[in-house]
Amino acid sequence: DEIATEAYLRVAKKVFFDYVNIEKRVGKEVLSTIIELNDPNEFIDNAISVVNFKESALISILEKDDTIERLVSFERLFAKETEIARIEKRITSKVRENIDKSQKEFYLREQIRAIHTELGDDEDEIDKLTQEIKDKNLPKEVLEKALKEISRLDKINPSSPDYSIILNYLDWIKDLPFGKSTVDTEDLSRAKEILDSDHFGLEKVKERIVEYLAVLKLTKTIKGPILCFVGPPGVGKTSVATSIARALNRKFVRMSLGGVKDEAEIRGHRKTYVGAMPGRIIYGLKNAGADNPVFLLDEIDKLSADIHGDPASALLEVLDPEQNPTFRDRYLEVPFDLSKVMFITTANSVDTIPYPLLDRMELIELTGYTNEEKLQIAKRYLIPKQLKLNGLKENKIEITDDAIEEIIRSYTMEAGVRNLEREIAGVIRKVATKVAQSPRRRREVITKENVAKYLGIKKHLRDIRLENDEVGAATGLAWTSVGGTTLTIEVGLMRGKGEILLTGKLGDVMKESARAAISYIRSHASEYGIEDERFEKTDIHIHVPEGATPKDGPSAGITMATAILSAFTNKPVRNDIAMTGELTLRGKVLAIGGLKEKALAAYRLGIKDVIIPKANTKDIEEIPLEIRKEINFIPLTSVQQVFEKAIKF
Ligand code: ADP
C-alpha cells in the first residue's frame with residue numbers, strides 16, 4: 001500500500017529530523033540528503049547509519065523485512081531516543097548553569113583582587129583582619145557578627161562607600177575592650193588614703209565611698225544603687241569621682257550629659273546612617289580600654305528630651321543592672337556587657353532628674369564650703385596644685401592667709417571653690433611670669449593689701465546686704481542650683497486702683513506666693529492698723545532685683561509678706577535679719593528645702609539672725625558647726641511671729 005507506506009515514511013522522517021535537531025551530531029548536508037531519500041528502506045538504512053544507537057536497539061529494525069513494520073520500529077526507536085536526548089540536554093544545561101555561576105564569582109573575585117593590587121591596597125587586608133578578629137577572644141555572638149561582616153567585605157568593591165563603613169565597624173569591634181578588665185586594688189585603707197590626700201573635709205562622703213568599695217570588694221559585683229553626687233558647681237563632685245577611680249586603680253571616663261537630648265548620643269546611630277557612630281557610652285569604653293572603668297555621667301539633671309527620643313530611657317538601660325549586661329548599641333548591633341562599669345553621676349539639683357533614674361540612685365550631697373574650709377582647701381590643695389601646674393617653686397611666692405581670705409570674700413561668691421582656684425591661678429601666673437623674666441627675684445609675698453595688684457578691683461562687695469533698716473525691703477534666702485543666695489524683695493506703694501504689679505526675677509510660683517501674702521495682709525489689715533480702703537486705692541509693686549537667679553519656689557512667701565506689711569505700715573524691716581519660709585493663707589509658716597545652702601549664703605553676707613520655719617529645725621544639725629556658731633536660727637510657726645521679729649514697729 002503505497003499511500004500507507006508514504007504516511008509511515010513521513011512520520012519516520014519527522015522523528016529523525018527532530019532527533020538530529022536535538023542531538024546536533026549530523027551535519028546539515030547529510031541530514032538533507034537523507035531526508036530527501038524517497039525509498040523507505042534506503043532512508044532507514046542511511047538514517048540509522050549516521051546515529052550512534054546501541055546495536056541491540058538497531059537489531060529490531062534490521063531483522064524485519066516488512067517495510068511498514070520497519071518504519072514503525074524506526075519511529076518508536078527514534079521517538080524514544082529523542083525523548084532521552086531531550087532530558088539529557090535539560091540536565092546538562094542545568095549543570096552548566098551552576099558551573100557558570102561559580103566560575104563567574106571566582107572570576108569576579110579575582111578581578112577584585114587584581115583591582116586591590118593595582119590600587120596598591122594591602123592584598124592581605126581581609127586575611128589580616130580575620131586573623132586579628134579571631135585573636136581577640138570575642139564573645140561568640142560578636143565574633144560571628146564580625147566574621148559575617150568580613151565576608152561581606154570580601155564581596156564588595158573597595159572603592160564603594162559600604163566598604164569603608166564595614167572597615168570602620170570592624171575597627172570598633174577590634175578596639176573595644178570586650179572582656180578586658182583592670183584589676184581592682186583591694187586595699188581599702190589605701191583607698192581611704194587616696195580620698196583623703198585628694199580632698200579636704202567631705203568626711204561623710206568619703207565614709208560612704210569607702211563603704212561602697214568595701215561592699216564591692218566582698219560581693220565583686222556592682223549591683224547596688226548608682227552613686228549620685230549632688231551639689232553646686234566646684235564643690236568637688238568630679239574630682240571625688242576621679243579619686244575613686246584612682247583609689248580602685250580603675251580607668252576613668254567622664255561624659256557630660258548637659259544638653260544631651262538625642263537618644264542616639266547614648267545609644268548610637270544605626271550603621272546605615274551617613275557618618276554613623278556608636279553612642280557615647282561605647283565611645284567612652286573604647287577610650288578607657290577596659291570594661292570596668294569608673295564612668296562619670298556628669299550633670300544628669302541637665303538631660304532633656306525632644307523629638308529624637310528620650311535619652312533618659314536610654315540611660316536607664318545603661319544604668320539598670322538588670323538590663324545592662326546586654327546593652328546593645330545601635331551601631332554595634334551586638335551586646336556589650338556594662339555590668340562591670342562603675343557608674344557615678346553628678347547633678348546640681350535633684351528636681352530635674354527624671355524619676356526612673358532618680359529611683360536607681362543613691363544621693364550623696366556635697367553642699368558647699370564655709371570660708372574656713374575654703375581657706376584650708378586653698379592652702380593644702382589648690383595652691384600646691386597651681387604652683388605645680390604653673391611651674392613655680394614654693395620659695396618664690398607666699399600667699400598669706402589674710403590674702404586668701406580676701407580672695408574668698410571679695411573675688412569669689414560661690415558655694416564651691418572653682419572660682420577661688422581660678423583666682424589663685426591668676427595670682428600665681430602673674431608671679432610666674434615675673435620669675436620667668438628674672439629668675440633671681442626674691443620671694444613675693446601676697447597680702448590682703450596687695451591682692452588687688454594681682455587680681456584687679458574687687459569683684460564682689462562683701463556686704464551686698466541692705467545698708468540700713470528700710471521700709472518695704474526685706475532679705476530673703478533662696479536656693480539656686482549653684483548654691484544658696486540672698487535676695488532682696490522690694491515693695492513700693494503708689495496711689496492707684498488696687499492693682500498688683502510684679503517685676504524682676506519672679507517665677508509663677510513666686511507670683512502666687514506674692515498674691516497669697518497680699519491676701520493674708522489684707523484680711524488681717526485691722527490688726528496692723530491699716531484701713532481696708534487703702535488696698536482699693538493703692539497699687540502694689542513687688543520687685544525682686546535681678547542678680548541671683550533663684551529657683552522658682554514658694555520659700556519667699558514670708559519675705560514678701562514682711563516687705564508688704566512694712567510698706568503699708570511704714571515701719572522699717574531689720575537689715576540684719578534674713579528669712580525663708582512658705583506662707584499659707586492662714587498665716588502658717590511651712591517648711592522649705594535647702595536650708596544648709598541658704599544658711600551658707602546668710603553666713604557669707606554676715607547676717608546673724610535667720611528666720612526659718614519651725615518644721616526645718618531638724619535640718620539645723622546638718623549645717624556645719626562653724627556656721628551654726630555664727631548664726632542664730634529663729635524657728636517660727638506663724639507669720640505674725642515673723643513680723644514681730646523682723647519689723648521694727
Ligand atoms: P564639680 O564637679 O563639683 O563642679 P570639681 O570636682 O570640678 O567640681 O572641683 C573643682 C575644683 O575644686 C577641683 O580642682 C577640685 O580638685 C577642687 N576641690 C573641690 N573640693 C575640694 C576639696 N574638698 N578638697 C580639695 N580640692 C577640692
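## Val294 and strand 3

Val294 lies in strand 3, which spans residues 294-298. The model is a predicted one. Is Val294 buried or exposed? Val294 counts as buried, because its relative accessibility is 0%, and the cut-off for buried is under 20%.

Which residues does Val294 touch, leaving aside neighbours within four places in sequence? The contacts are Ala241, Ile244, Ala245, Arg250, Lys251, Phe252, Val253, Met342 and Ile344. Lys618 is 324 residues away from Val294 along the chain, and their C-alpha atoms are separated by 35 Å.

Ile446 can be followed in detail. Neighbours within four places in sequence are left aside here. Ile446 is then in contact with Ile397, Glu398, Ile399, Thr400, Ala403, Val427, Val431, Val451 and Tyr454.

## Overall shape and surface

The protein has 25 helices and 20 strands. A compact globule of 649 residues would have a radius of gyration near 26 Å, but the value here is 45 Å. Along the principal axes, the C-alpha atoms fill a box of roughly 150 × 75 × 50 Å. Of the 649 residues, 47% count as buried.

Take contacts between residues at least 6 apart in sequence. Of these, 76% join residues at least 24 apart. The accessible surface comes to about 33,800 Å², and carbon and sulfur atoms account for 50% of it. There are 100 positive and 106 negative side chains. The centres of the two sets lie 7 Å apart.

Helix 23 covers residues 595-605 and is mostly covered, with eleven of its eleven residues buried. Charged residues are on that buried list: Lys596, Glu597, Lys598 and Arg604 are among them. Gly606 follows helix 23 and has a positive phi, near 75°.

Glu193 is found in helix 9, residues 188-198. Glu193 counts as exposed because its relative accessibility is 54%, where the cut-off is over 50%. Glu193 and Ile564 are 371 residues apart in sequence and 54 Å apart in space, C-alpha to C-alpha.

Glu533 lies in helix 21, residues 532-537. Its relative accessible area is 41%, so Glu533 is partly exposed. Asp184 is 349 residues from Glu533 along the chain, with 75 Å between their C-alpha atoms.

Most residues other than glycine have a negative phi. Which way does phi go at Glu299, positive or negative? Glu299 has a positive phi of about 55°, although it is not a glycine. Glu299 sits in the loop between strand 3 and helix 14 (311-319). At 28% relative accessibility, Glu299 counts as partly exposed.

Asn570 also has a positive phi, near 60°, and is a residue other than glycine. Its loop runs between helix 22 (557-569) and strand 15 (572-573). Asn570 is exposed because its relative accessible area is 57%.

Technical notes. Residues numbered from 1 in each chain as written. Predicted model: local features only at pLDDT ≥ 70, side-chain atom pairs only at ≥ 80, totals over all residues. Heavy atoms only, no water. Helix = DSSP H or I, 4+ residues; strand = E, 2+ residues; numbered from the N terminus. Rg over C-alpha atoms; globule rule 2.2 N^0.38 Å. Buried < 20%, exposed > 50% of the residue type's maximum accessible area, 1.4 Å probe, protein only. Contact = heavy atoms within 4.5 Å. Areas by Shrake-Rupley, 256 points an atom, 1.4 Å probe, with all protein chains shown as cover. Charge placed at Lys NZ, Arg CZ, Asp CG, Glu CD.
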